[in-house]
Amino acid sequence: MTINPKNLTAQLHFRAAGNPPTTMPETAISNSYPGLEFDFRNIWRRLFVGIELHESDNYVVRGFGKHRNLVGHRLLIVAGDPTVTAVVGPQMPGGSSGQLSDATMLEWSNSMARVLHRHAGRMVKCEFTANIEPQPVPIPDNRRGLLSLQLRVRPIFASSKTTRGALPVIEQSLVEPGELTQSLCSPWQNDYRECACYYWAASRPDYVNVDLNERGVTTGNNWLAKNRDPKEYVPDDFADSRLIGYEDLFQNWQALLQFVVEGKDYSPGDKSD
Amino acid sequence: MTIRELRILPPLAIARLGASDLPVDNYEVEVDTTDPLGYRRLRPAETFQIDDHSGEIKASYVPTVLRFMDNDKVRPVAPFLEVWALSGRGQLEPLTVEVLRSHRLSPADVKWRVHVANYKVYRRTGNLSDRLDAKVGPISDHRPRELSGKCPNFWSGKRLPLGWVRYIKPNTAFPAIRLRFTPAHGYVYGASKALPGRVGTRIDPNLKEVLYNANKGRWLGFVEAGDTTSTNPPFIYANNAVGDSFVSRGYMDDECDGIVWVELKVGRQLLSAYARIGAGPPAYAPDSFPVRSVADELDQAMFGPLVRQGDSSLAAVEEILRRAVETVRLMNTTVMNGNPVNGLVNSANTMASQDTGDTSRYFEPIMSTSIVDNHALITLHQSVLTALRAGSAPWFADLLRNYDEVGDLSSKGRRKMPALMRGADGRYLALTRRQVDLIRQVARLPILQGDPAIALTETKAHSRGKRK
């Protein structure tokens, strides 16, 4: 078997012999808030040479050399692409849509996708707030007051000295060991109780053993229910003793949490075998 | 063959925690072509059996039954990492004993190093002495090496086990050069001010062991500021609420991430490569995949936000739709929509409740409360699939949330797809721009000519070279 070294798709999605599918990045969630396997937002913190950004915010947490004075400033625009947007919607029932918040962060992965693709390895115009801004701020109508600098964009991937092309591995200087998981919950078991299913239902199920009832609507168990009988959905509530709680997870998560296959609690020996 | 460069594949391997001594067997996840949005089938696949003593693969087998548990213990997922060599022919080939021999080298000339770390405590406290690191290597033999985590703020002699690595001994039947990473057991560790084990000290039943010396570091009793430098979301650590403060219980886990390096001296040239590894919790629904995954992030970072016309396909769009169904199917969408439950309004933590909590938007369910039953939404996705296959789904493209529309909490904005879920910015989930572009390219194909695969080919032919 051979792989063309320029076929980066094949290498990024390579599955080694003997490895189950759950070793693959395809099985790791990335709507990271903060995540389960990784907080993947961490790969963006050092995107620009000379500064370090918060993993989920346009706030400069560190500056190096001549950029030390940028700590506390906010990066608002890169090569014309904004890093923030406004939150809009109705405040009252039936009301018209208005501004609810003037600035919320756009996640780096999407807001910087074009910047990375067009400018990796090159200098790019970065526009920062003129002042230290502890709270999120919108892009001002008059941009003349912004601090404008040229910063180099770090490539996300390492490069080959032999082929001169990209390698499929994340550049070493971008994230050190420990940094892809550092902003996850400590311990992770806490997050299975803390965060609701709408983050990562495909990895941490919510609604299991689901059947259609006589009214033609579904009924099933909350995955965290200690007992599956009766088949009823107990809404998420850390104080409800019918659900697995924090202490249960810390002490005995392995015995309590059930694998789910075909939507049902998985017990080898039944038809799933 | 001349070795010009080394690479480790996969470049990012995920291990999953579990206390059993038996790693999960290998399996395949297969789509039923007659029911493309149905459950994927798990089929046991070729699994390597490692000889504990020698460290070689003594046999491979296909298990008859797929088991994720070993009595009350979870079976860990322990990935292999293979070394590949860029040959003089310009192709990547597995590095094997034979390839090494052709360069007058042996497996003992291969050297591995590993550095994994858990910086969760350091990320909160900012104290360098709270960093937990485990380093091993260089390794050229085939004994297992424990990744024993050291932290300056631990009690003297205490270590936190982060798993093991083993250079698998190649043999005639399995000659490839590979390393296996076995993650830790998934235990919780703690902190104390009193010397652990001292008579009279309270034993916390949540903990495997007390490791952290709370006289040296601040983790026990630490209160995150919740300011601009805190994690987002903040306060995500085991804590006791005291007034408005979230006081750390001093807990730590045995997750980690890090780097594996391999080195080989070929003639006068020292070749090296590295890959990344991480250890997280089990994937509890192994026949389901997240609608937006780390693989999607990597694809976008590598290839950009737009898909070249030649790279789009109906099959790729169907896979995204399938993953969306797999998320919907495991969510109580009625509750997540914000419908009243047992007469209670705003009864659970949902995006609807976040909209109210994060902004001053009044509380209201996201979709009409009568159409959000799980079964109805799966049927809706089935209709989308049918329309995509018939080439009659341009409307679907407009239902997708753009990445810069996450702050749109209007009724229409909240109903865009993916619905009811949270993204990395804390607001409504948007797919990657690359995923959205892929779907739009396929969904907006002209209605024609029967088979959309044909239509796609024709569109490619017409538009080749227009996009980059």
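Modeller: In this predicted model, the largest nonpolar core holds 198 residues, and those touching the most other members are Tyr198(A), Ile8(B), Val260(B), Ala275(B) and Met331(B). As a general background, nonpolar side chains tend to be buried together in soluble globular proteins.

Let us zoom in on Ala275(B). Setting aside neighbours within four places in sequence, Ala275(B) is in contact with Val169(A) from the partner chain, and with Ile8(B), Pro10(B), Pro11(B), Leu12(B), Ala13(B), Leu81(B) and Val260(B).

Pro10(B) sits in the loop that links strand 1 (5-9) to strand 2 (12-16) of chain B, and a cis peptide bond with omega of about 0° joins Leu9(B) to Pro10(B). Most peptide bonds are trans. Chain B has a cis bond between Asn232(B) and Pro233(B) as well, again with omega of about 0°; Pro233(B) belongs to the loop between strand 18 (220-223) and strand 19 (239-242) of chain B.

Chain B gives 137 residues to the contact and chain A gives 124 residues. On the side of chain B that touches chain A, helix 3 of chain B supplies the largest share, nine residues. By class, that side of chain B has 70 nonpolar, 33 polar and 34 charged residues.

Helix 3 of chain B also has a partner within its own chain. Helix 3 (residues 294-303) and helix 10 (residues 433-443) of chain B have axes that come within 8 Å and cross at roughly 85°, which means that helix 3 of chain B is roughly perpendicular to helix 10 of chain B. Here Asp296(B), Asp299(B), Gln300(B) and Phe303(B) of helix 3 of chain B touch Arg433(B), Arg434(B) and Gln435(B) of helix 10 of chain B. This contact has four charged, two polar and one nonpolar residues.

Now look at another helix pair in chain B. Helix 4 (residues 314-328) and helix 7 (residues 374-390) of chain B have axes that come within 10 Å and cross at roughly 175°, so helix 4 of chain B and helix 7 of chain B are roughly antiparallel. Helix 4 of chain B brings Leu314(B), Val317(B), Glu318(B), Leu321(B), Ala324(B), Val325(B) and Val328(B), which meet Asn374(B), Leu377(B), Ile378(B), His381(B), Val384(B), Leu385(B) and Leu388(B) of helix 7 of chain B. In this contact 11 residues are nonpolar, two are polar and one is charged. The spacing along such a helix face has a simple background: an α-helix has 3.6 residues a turn, so residues three or four places apart point the same way.

In helix 5 (residues 246-256) of chain A, the buried residues are Asp248(A), Leu249(A), Phe250(A), Trp253(A) and Gln254(A). Their cover includes helix 4 (188-194) of chain A, along with strand 8 (73-74) and strand 16 (188-192) of chain B.

For contrast, find Leu128(B) in the loop between helix 2 (120-125) and strand 12 (132-139) of chain B. Leu128(B) counts as exposed because it has 9 other C-beta atoms within 10 Å. Ala79(A), between strand 3 (75-78) and strand 4 (81-82) of chain A, is not a glycine but has a positive phi of about 50°; with 15 other C-beta atoms within 10 Å, Ala79(A) is partly exposed. Glu262(A), between strand 13 (260-261) and strand 14 (264-265) of chain A, has a positive phi of about 55° and is not a glycine either.

Finally, step back to the whole chains. Chain A contains five helices and 14 strands, while chain B contains 11 helices and 23 strands. Of the 273 residues of chain A, 49% count as buried, and of the 468 residues of chain B, 49% do.

Terms used. Residues are numbered from 1 along each chain as its sequence is written. Chains are lettered from A and ligands numbered from 1 in the order in which they are written. This is a predicted model: local features need pLDDT of at least 70, side-chain atom pairs count only at pLDDT 80 or more; totals for chains, interfaces and linings use all residues. Axes are lines fitted to C-alpha atoms, for helices over the stretch in contact, and angles run from 0 to 180 degrees between N-to-C directions. Helices (H or I, at least four residues) and strands (E, at least two) are DSSP runs, numbered from the N terminus. Angles under 35 degrees count as roughly parallel, over 145 as roughly antiparallel, 65 to 115 as roughly perpendicular and the rest as oblique. Two residues are in contact if their C-beta atoms, placed from the backbone, lie within 7 Å. Ala, Val, Leu, Ile, Met, Phe, Trp, Tyr, Cys and Pro count as nonpolar, Asp, Glu, Lys and Arg as charged, and the others, Gly among them, as polar. A residue is buried if 20 or more other C-beta atoms lie within 10 Å of its own, exposed if 12 or fewer, and partly exposed in between; C-beta atoms are placed from the backbone. A nonpolar core is a set of buried Ala, Val, Leu, Ile, Met, Phe, Trp, Tyr and Cys residues joined through C-beta atoms within 7 Å.
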